[in-house]
Amino acid sequence: MANGAWVDRSALSKIAYLQEQIFNEITSRAIDGLWKTPTSNKMWVLYVDLGDDHNQTKCKNDPSGPPTLKHCGDGGVYYAYNFVEKGDLIGHRDYPWGADKMKLNLGIDPAWITEASAKTYRLAKNKTTGYGLDPFNFDPAIGANNTLFYIANGSDILGADGKGLGGRYPGSWTLPVCDASTWGHAWNYDYTKGARDKRDNREHPPCFCGEGGLETAHWATAAGLNHFDTFYQRCQKALQGTGDDPADFLTWPDGVTSVDLGFREPIYRVH
């Protein structure tokens, strides 16, 4: 009964459904926490602005990254990555640890990793919803409070009605997002076609994050890349055109003349 009237049983969630949602959320947060353990924490999400339409047409057709870890939103495309070291200056991008087996073993769609990380970043960056939040050091308690407050006030911050989102909320996954604007496609790669151990310039994390590259240092620290020589040397080679192949040289964003990776000296534009 509710206020003297019978409640339609079809409006109530089944126990099994609630158990599934709780399992998805708790498991997601637990794995996300484990992934932050050095030195196996070199993971991130890359966002590229596609200038997409309401139907996300460009994102749905985008083949530049791993399709099983794609999320469409905010006018662009998000992909999740993990850098796996295999020796001095050698390594490759691959699935975040265990993500390729999550759906089979846990029932967790790996795309949720990217989706929730994107929501976490956007929640923290939003001037209204992000009060008290750091996009690269997300506070779960503040994040949950802010999310619930704005849902209660009619916000569409979740991008859905809030049902069936266990493992997909802001804070469920918190891989640091590198906002590479419109110039970040060079750092996307579909590693599901086969990982490679090589010294290729594209086989490394992005070298610019945020407007003017100003988020790069904070992002790199959150992604476990601070004091990581492979990251620094590959960015230096790509950005200063010191590679053997001219195609290795990456175009700098307009107006940017240097970038701080958060350790060692900044890398300066020389061309």
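1. A disulfide, that is, a pair of cysteine sulfur atoms within 2.5 Å, joins Cys207 to Cys235 with an S to S distance of 2.0 Å. Cys207 lies in the loop between S5 and H6 and Cys235 in helix H7 (residues 229–240), so the pair ties together parts that are 28 residues apart in sequence. The torsion about this S-S bond is about -95°, so the link of Cys207 and Cys235 is left-handed.

2. The model is a predicted one, in which local features need pLDDT of at least 70 and side-chain atom pairs count only at pLDDT 80 or more, while totals for chains, interfaces and linings use all residues. Residues are numbered from 1 along each chain as its sequence is written, and side-chain values use heavy atoms, with hydrogens and water left out.

3. The structure holds three disulfides, and a further one joins Cys178 to Cys209 with an S to S distance of 2.1 Å. Cys178 sits in strand S5 (residues 177–179) and Cys209 in the loop between S5 and helix H6 (216–222), 31 residues apart.

4. Cys59 and Cys72 are also joined by a disulfide, with 2.0 Å from S to S; Cys59 belongs to helix H2 (residues 57–60) and Cys72 to strand S2 (residues 70–73). Counting bonded cysteines along the chain, the disulfides follow the pattern 1-2, 3-5, 4-6.

5. As for the chain overall, it has seven helices and seven strands, where helices (H or I, at least four residues) and strands (E, at least two) are DSSP runs numbered from the N terminus. Of its 271 residues, 47% count as buried, meaning under 20% relative accessible area with a 1.4 Å probe and protein chains only.

Methods:
Buried means under 20% relative accessible area, exposed over 50%, partly exposed in between (1.4 Å probe, protein chains only).
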